[in-house]
Amino acid sequence: MGKDVGKTMSNTKKMVKWGLLIDDKRVVITIKHSILSHKKVIWYNDEIVKETKQFLTGDFDYAWSKDKHIFKIVITKDAEGYAYCTDWMVLSWIALFIDDI
């Protein structure tokens, strides 16, 4: 899962985007993950909500709140690569959209 976005070797960085419709507002949550350095950046729309600059191995688990909603992204590694999981604990109706991503 995830789009290959590395500059020199495309498969060394992954990017995953989720499009959400929350309270009639479009939200895009994006994670960019370096496979080699394990650095990560998470955006909520155009705002960086988490950036890791140090070498972090193992699973990654990060949750944050925004506009009375709680969001969570988990990255796990298995035999086939990385799995990007979400847990949107949104207090109101939510829908995914994919047309603009």
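**Notes on the structure**

1. Asp 23 comes out partly exposed, at a relative accessible area of 42%. Bear in mind that this is a predicted model. The residue sits in the loop between S2 and strand S3 (25–34). Its backbone deserves a look too: phi of Asp 23 is near 50°, a positive value in a residue other than glycine.

2. His 38 also has a positive phi, near 70°, and again the residue is not a glycine. You'll find His 38 in the loop between S3 and strand S4 (40–44). Is His 38 buried or exposed? His 38 is buried, with a relative accessible area of 11%, because anything under 20% counts as buried.

3. Stepping back to the whole fold, the protein chain has zero helices and nine strands. Reading along the sequence, you simply get β-β-β-β-β-β-β-β-β. As for the contacts in the chain with a separation of 6 or more, 28% come from residues 24 or more positions apart.

4. A word on burial and surface. The protein chain has 101 residues, and 35% of them count as buried. Its accessible surface is about 6600 Å², with 52% of that belonging to carbon and sulfur atoms.

5. How many salt bridges does the structure hold? There are two. In general terms, side chains of opposite charge can pair when their charged atoms come close. Lys 66 forms a salt bridge with Glu 47, and the closest N and O atoms are 2.8 Å apart.

6. Asp 61 is in strand S6 and Lys 72 in strand S7 (residues 69–78), so the pair ties together parts that are eleven residues apart in sequence. Lys 72 is partly exposed, at 23% relative accessibility.

7. While you are in strand S7, check Asp 78, which lies there as well. Asp 78 is partly exposed, with a relative accessible area of 43%. The C-alpha atoms of Asp 78 and Asp 59 are separated by 10.0 Å, and the two residues are 19 apart along the chain.

8. On to strand S8 (residues 81–86), where Tyr 82 is found. Why does Tyr 82 count as buried? Its relative accessible area is 18%, and the cut-off for buried is under 20%, so Tyr 82 qualifies. Tyr 82 and Lys 14 are 68 residues apart along the chain, yet their C-alpha atoms are separated by 9.4 Å.

9. Last, the charged surface. Which residues form the positive surface patch? Lys 13, Lys 32, Lys 39 and Lys 53 do. Lys 13 lies in strand S2 (residues 13–22) and is partly exposed, with a relative accessible area of 31%. Patch residues need over 30%, so Lys 13 makes it past that cut-off.

Methods. Residues numbered from 1 in each chain as written. Predicted model: local features only at pLDDT ≥ 70, side-chain atom pairs only at ≥ 80, totals over all residues. Heavy atoms only, no water. Patch = residues over 30% accessible without salt bridge, like charges linked within 9 Å, V, L, I, M, F, W, Y side chains within 5 Å. Areas by Shrake-Rupley, 256 points an atom, 1.4 Å probe, with all protein chains shown as cover. Salt bridge = Lys/Arg side-chain N within 4 Å of Asp/Glu carboxyl O. Lys, Arg positive; Asp, Glu negative; His and termini not counted. Charge placed at Lys NZ, Arg CZ, Asp CG, Glu CD. Helix = DSSP H or I, 4+ residues; strand = E, 2+ residues; numbered from the N terminus. Buried < 20%, exposed > 50% of the residue type's maximum accessible area, 1.4 Å probe, protein only. Contact = heavy atoms within 4.5 Å.
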